[in-house]
Amino acid sequence: MPPLGLLVFVTGSASLGSEIAAARLLAPYFGDSTIVWANTIGVVLVALSGGYWLGGRLADRHPHKRGLCALVLAAAVLLALVPLVAGPILDVSIRAFDDLSIGAFAGSLFGVLVLVALPLLLVGAVSPWAIRLSLADLERSGEVAGRLYAISTFGSLTGTFGASLLLIPLFGTQRTFLVFAVLLAGIAVLGLRPAFAAAPVAIAALLLVPPGVTKAAEGGARVLDERETTYQYARVVGNPDGSRQLELNEGQAIHSLWRRDTVLTGNYWDAFLVDPAAALGRPPRRLAILGDGAGTMVRAYGRYLPATRIDAVEIDGELTRLGRRWFGLRDRPGVRFITADARPFLRSTPRRYDAIFVDAYHQPYVPFYLATREFFRLVRDRLAPGGTVLVNVGHPEGSTALEDTLAATMRTSFEHVARDPVEDVSTVLLGSSAPVTTRRLRTAGARLPAPLPALAAASADRLAPARRGGAVYTDDKAPVEWLVDRSIVEFAAGG
């Protein structure tokens, strides 16, 4: 029979490890917004609470280890089924709720309910059952309960860090579920008849099955590469026209784009080639890109403005590796590829830049600590005299809430703030201590190599003073997620 402490530790590890894996399983379909995380955490808590109640009832009726081990084995089997049925269930879920204004909320709630609620309910039943079996006398009941709950909590911590830092990056989300299922089955069969010993072996055999494509491409496109990184699910999609795009999580936004015959994209990246001239009157000599992705802007600068020295900062080094493999990204003199978080990098670097680009866009959010008064003060301190910061602001069509807030926050550090509404869903904000003018952009743009003068003229036609009316965000209070979630819901409801 397995020691009860070990049984509680393993089930505690599986409970929160599965929660982390469940959120990652949903991300390719619904993203990893606070809405999705709230659904995941909520369902897990409800399932565990139900399990505590169920475990107490079962423990009084069946006060023996064999029944407890049978329940753990059932939880292991259900958990092993999750990666096998996740694709079809999530495909149905996203189709069923796609047309609703609460699609992400309802779809992710349905998905996590169907996939993990039942196995985690059974896992939750283990601790009260184990406490019942450990009670030899009532005088020590508090000590016994406290010890087992401490062991369970320590197991949960192990599962959380093990899943997020080790299992998911090394083996992927689907195999993470299988690893926890194997651990549960392995500990459960120690208390059951020898015939059940085949169960963990059968589950372990599933680890040998290739997981396949997590989420198929649509419209004639095909998945060229996909991987689970420490930070997100990333995939490279090849389109029928020969172009390639980098998608993260649910794939609603394109984070890098490669086209066979040109480094221009017809997207907001092109504006970053010319917009700095509205403040500088020339291209930047030294540039920092915060959120480089797979290197779309680095490639464009290398083609048209190769004299610009660039520090390309990307928190997820796997994206840089994808850029080298699929997006034509090459090392060249004057360019440093730096794997680091944007704000810590900016705080630690001694360099001063003519321009700093902020494109650390994690669909659907800008990281809150890159949208505060303190951050833009740091940016100002890292700019050379007259330098400029450009921020890519993604937003639902017709929504200006995030743009207004960022503009108001930027004004606390920069005398001049302007906007370039490149697309219906993307606006570039410019901040500088120097005037940001269309005249300067047209004059400097005319001297750029073709076809950049046409891009500069188009940007000059769009350039205008930034909107007013937003709140100023600080490190203490920056509810970016709440603001963006509200904008998404309002846009969906209006549509």
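How much accessible surface does the chain have, and what percentage of it belongs to carbon and sulfur atoms? The accessible surface comes to about 21,000 Å², and 59% of that belongs to carbon and sulfur atoms. Please keep in mind that this is a predicted model.

**Figure 1. The whole chain, before we zoom in.** The C-alpha trace spans about 85 × 45 × 45 Å along its principal axes. In secondary structure, the chain comes to 18 helices and 12 strands. Of its 495 residues, 54% are buried. Contacts with a sequence separation of 6 or more are also worth a look: 72% of them are between residues 24 or more positions apart.

**Figure 2. Helices H1 and H2 where they meet.** Two packed helices are described by the angle between their axes and the distance between the axes. Here, the axes of H1 (residues 4-30) and H2 (residues 34-61) come within 10 Å and cross at roughly 145 degrees. The crossing of H1 past H2 is right-handed. On the H1 side you will find Ser15, Glu19, Ile20, Ala22, Ala23, Leu26 and Phe30, and these meet Val36, Trp37, Thr40, Ile41, Val44 and Leu48 of H2. Sorted by class, this contact has 10 nonpolar, two polar and one charged residues.

Figure 3. Which residues of H2 are buried? They are Val36, Asn39, Thr40, Val43, Val44, Ala47, Leu48, Gly51, Gly55 and Ala59. A reminder that helps when reading such a list: an α-helix has 3.6 residues a turn, so residues three or four places apart point the same way. Val36, Thr40, Val44 and Leu48, which are among these buried residues, also take part in the meeting with H1.

**Figure 4. Helices H5 and H6 side by side.** The axes of H5 (residues 126-134) and H6 come within 10 Å, crossing at roughly 145 degrees. This crossing, too, is right-handed. From H5, the residues Ser127, Ala130, Ile131 and Ser134 meet Val144, Ala145, Leu148, Tyr149 and Ser152 of H6. The contact has six nonpolar, three polar and no charged residues.

Figure 5. Ser164 belongs to helix H6, which covers residues 141-171. Is this serine buried or partly exposed? Ser164 counts as partly exposed because its relative accessibility is 22%, and buried would mean under 20%. Setting aside neighbours within four places in sequence, Ser164 is in contact with Ile20 and Pro169. The C-alpha atoms of Ser164 and Ala21 are 7.9 Å apart in space, although the two residues are 143 apart in sequence.

**Figure 6. Thr320 in helix H12.** Look for Thr320 within H12, which runs over residues 317-326. Thr320 counts as buried because its relative accessibility is 8%, where the cut-off is under 20%. Not counting residues up to four places away in sequence, Thr320 touches Gly293, Glu314, Leu329 and Phe337.

**Figure 7. The peptide bond between Ala450 and Pro451.** Most peptide bonds are trans. The bond that joins Ala450 and Pro451, however, is cis, with omega at about 5 degrees. Pro451 sits in the loop between helix H16 (438-446) and helix H17 (452-462).

Methods: Residues numbered from 1 in each chain as written. Predicted model: local features only at pLDDT ≥ 70, side-chain atom pairs only at ≥ 80, totals over all residues. Heavy atoms only, no water. Axes fitted to C-alpha atoms, helices over the stretch in contact; angles between N-to-C directions. Helix = DSSP H or I, 4+ residues; strand = E, 2+ residues; numbered from the N terminus. Left-handed = near helix turned anticlockwise from the far one by under 90°. Contact = heavy atoms within 4.5 Å. Nonpolar A, V, L, I, M, F, W, Y, C, P; charged D, E, K, R; others polar. Buried < 20%, exposed > 50% of the residue type's maximum accessible area, 1.4 Å probe, protein only. Areas by Shrake-Rupley, 256 points an atom, 1.4 Å probe, with all protein chains shown as cover.
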